[in-house]
Amino acid sequence: METTQSGALDVERIREDFPILQRRVGDDVQVVYLDNAATTQTPEQVIDVFGDYYRGYNANVHRGIHHLSQEASIAYEEAHDRMAEFIGASGGREEMVFTKNTTESINLVAYAWGLNELGSGDRVVLTEMEHHASLVTWQQIAKRTGADVEYIRVDDDGRLDMDHAAELIDEDTEMVSAVHVSNTLGTVNPVADLAELAHDAGAYIFVDGAQAVPTRPVDVEAIDADFYAFSGHKMAGPTGIGGLYGKKEILEDMEPFLYGGDMITKVTYEDATWNELPWKYEAGTPLIAEGIAMAEAADYLDELGMDNIRTHEEQLAEYAYDRLSEFDDIEIYGPEPGPDRGGLVSFNLDSVHAHDLASIMNDSAVAIRAGDHCTQPLHDKLGVAASARASFYVYNTREEIDVLVDAIDDARELFS
Ligand SMILES: Cc1ncc(COP(=O)(O)O)c(C=O)c1O
């Protein structure tokens with residue numbers, strides 16, 4: 001497939017780093033991978049780091065005094081510093097807990113902080129565009145503690161109603177949890193403004209950065225986030241690893257989430273004391289190779305330049321939005337292209353169910369997602385059960401979006 005340069009990134013060269021993009025499926029057709037909001041592909045550089053670990057220094061961390069364990073420990077611990085730096089946390093490893101993914105990062109705070117701190121009359125404020133990872137978690141913790149959950153309205157343009165946010169975030173509010181970039185609407189939310197509202201009310205803010213960290217420069221200190229979560233597999237890293245940033249003083253105060261080995265300092269038959277940060281929150285043998293490889297993914301993305309990645313994403317989103325807007329029978333969700341729209345487009349084609357559409361796309365080897373994208377209440381609000389979603393990353397091209405549009409034509413013909 002021919003590729004263009006976006007101006008921001010040398011896409012043709014970048015594609016050479018991703019062997020999977022050469023995969024041919026079905027009738028020997030090259031895959032067009034447009035499902036990046038679900039999981040991004042992994043470059044050779046990251047795969048190599050993973051392999052190097054198992055070939056060269058596989059050992060358990062923190063526990064051994066032998067060479068291999070020391071090497072593994074240093075690499076694993078330094079990976080925390082690297083990820084802290086990647087999202088602008090000046091506290092280094094003490095403010096960077098490795099988890100399984102964004103979902104686990106949210107659950108960690110919901111259990112360790114929420115179960116202990118929330119009570120009847122307290123309020124947790126979410127947005128109507130939360131992913132289930134945040135929505136279901138806070139909903140259930142609220143049920144267990146007697147707290148109320150309120151949702152900041154999404155307006156007809158797919159943006160947060162900030163007047164409504166200001167109304168909802170009051171002195172009863174203890175936690176505001178907001179998605180940074182919506183995985184369904186593509187909206188880039190004003191999380192720094194939400195943080196200010198939260199702090200003025202004496203509440204904490206948790207930011208779900210699953211779609212933001214891979215696609216734009218993130219600075220948790222500029223946002224003034226109390227907590228910030230992300231997943232390695234959405235940022236060119238491996239599956240099974242993610243991160244939770246937390247302000248040091250809050251992480252110091254909070255109870256642990258999981259108990260066991262490695263997270264303790266002193267244990268007696270009666271009691272235990274907790275290890276220093278961040279190990280207090282990493283019970284048991286952690287995801288060592290995954291953590292080290294995630295830090296390599298951060299290096300890879302920084303090499304491309306996070307500003308360039310954001311520009312590339314915005315350009316592809318605008319191109320896809322414009323191409324899909326040519327058709328009266330396509331409804332697109334989320335804001336118009338611009339700085340507050342990330343690199344994904346969710347849409348529906350009249351009278352064709354999103355699953356059928358994705359299935360026809362698959363015949364042309366175009367990989368998109370169909371469903372509710374873990375935002376069922378938002379889809380209910382939009383009045384649809386499902387939508388199709390094309391999402392872009394550093395290796396995607398305009399030509400691939402043209403293939404997508406041609407495949408939509410095929411679907412239109414088939415169902416007309
Ligand atoms: C906005 C958002 N939050 C949370 C998640 C959950 O991520 P994970 O499955 O890696 O925990 C996703 C994944 O799609 C997401 O897009």
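**Reading sheets, a ligand site and backbone exceptions**

Colleague: Which strands does helix 11 (residues 306-325) lie across, and at what angle does it run to strand 14?

Modeller: Helix 11 lies across strand 13 and strand 14, and runs at about 15° to strand 14. The terms first. Helices (H or I, at least four residues) and strands (E, at least two) are DSSP runs, numbered from the N terminus. Contact means heavy atoms within 4.5 Å. Axes are lines fitted to C-alpha atoms, for helices over the stretch in contact, and angles run from 0 to 180 degrees between N-to-C directions. Helix 14 (residues 398-415) lies across strand 13, strand 14 and strand 17, also at about 15° to strand 14.

Colleague: What are the ground rules for this model?

Modeller: It is predicted: local features need pLDDT of at least 70, side-chain atom pairs count only at pLDDT 80 or more, and totals for chains, interfaces and linings use all residues. Residues are numbered from 1 along each chain as its sequence is written, and side-chain values use heavy atoms, with hydrogens and water left out.

Colleague: In what order do the strands of the four-stranded sheet run?

Modeller: Start with pairing: two strands pair if DSSP finds at least two bridges between them. Here the open sheet has the order 13-14-17-16, with antiparallel pairing. Strand 13 (330-333) and strand 16 (369-371) are the edge strands, each pairing on one side only. Neighbouring strands are turned by 30° against each other on average, direction ignored. Inside the sheet, strand 14 (residues 344-349) and strand 17 (residues 387-391) pair over four bridges. Leu 344 has Ser 391 of strand 17 as its bridge partner.

Colleague: Why is one side of strand 4 and of strand 6 left without a neighbour in the sheet?

Modeller: That is the open sheet of seven strands, ordered 4-10-9-8-7-5-6, with mixed pairing. Strand 4 (96-99) and strand 6 (148-152) stand at its edges with a single partner strand each, so one side of each has no neighbour in the sheet. The twist averages 20° from one strand to the next. Strand 5 (residues 123-127) pairs with strand 6 in the parallel sense over five bridges. Thr 127 stands opposite Ile 152 in strand 6. Helix 5 (residues 132-145) lies across strand 5, strand 6 and strand 7 (173-179), at about 150° to strand 6.

Colleague: How many residues surround the ligand, and which are closest?

Modeller: A residue counts as near if one of its heavy atoms lies within 4 Å. There are 14, and the closest are Thr 103, Asp 208, Gln 211, Ser 231 and Lys 234.

Colleague: Which atoms of Lys 234 and the ligand lie 2.7 Å apart?

Modeller: A polar contact is a pair of N or O atoms within 3.5 Å; within protein, one must be able to donate a hydrogen and the other to accept it, and residues adjacent in sequence count only if both atoms are side-chain atoms. For Lys 234, a polar side-chain atom lies 2.7 Å from a ligand oxygen. Asn 101 places a polar side-chain atom 3.5 Å from a ligand oxygen. With Thr 102, a polar backbone atom is 3.4 Å from an oxygen of the ligand. Taken alone the ligand exposes 390 Å², and the protein buries 88% of that. Accessible areas come from the Shrake-Rupley method with a 1.4 Å probe; for residues, only the protein chains shown count as cover.

Colleague: Where is the cis peptide bond?

Modeller: Most residues other than glycine have a negative phi, and most peptide bonds are trans. The bond from Leu 277 to Pro 278 is cis, with omega near 0°. Pro 278 lies in the loop between strand 12 (272-274) and helix 10 (288-304). Asp 28 has a positive phi, near 60°, in the loop between strand 1 (24-25) and strand 2 (29-30).
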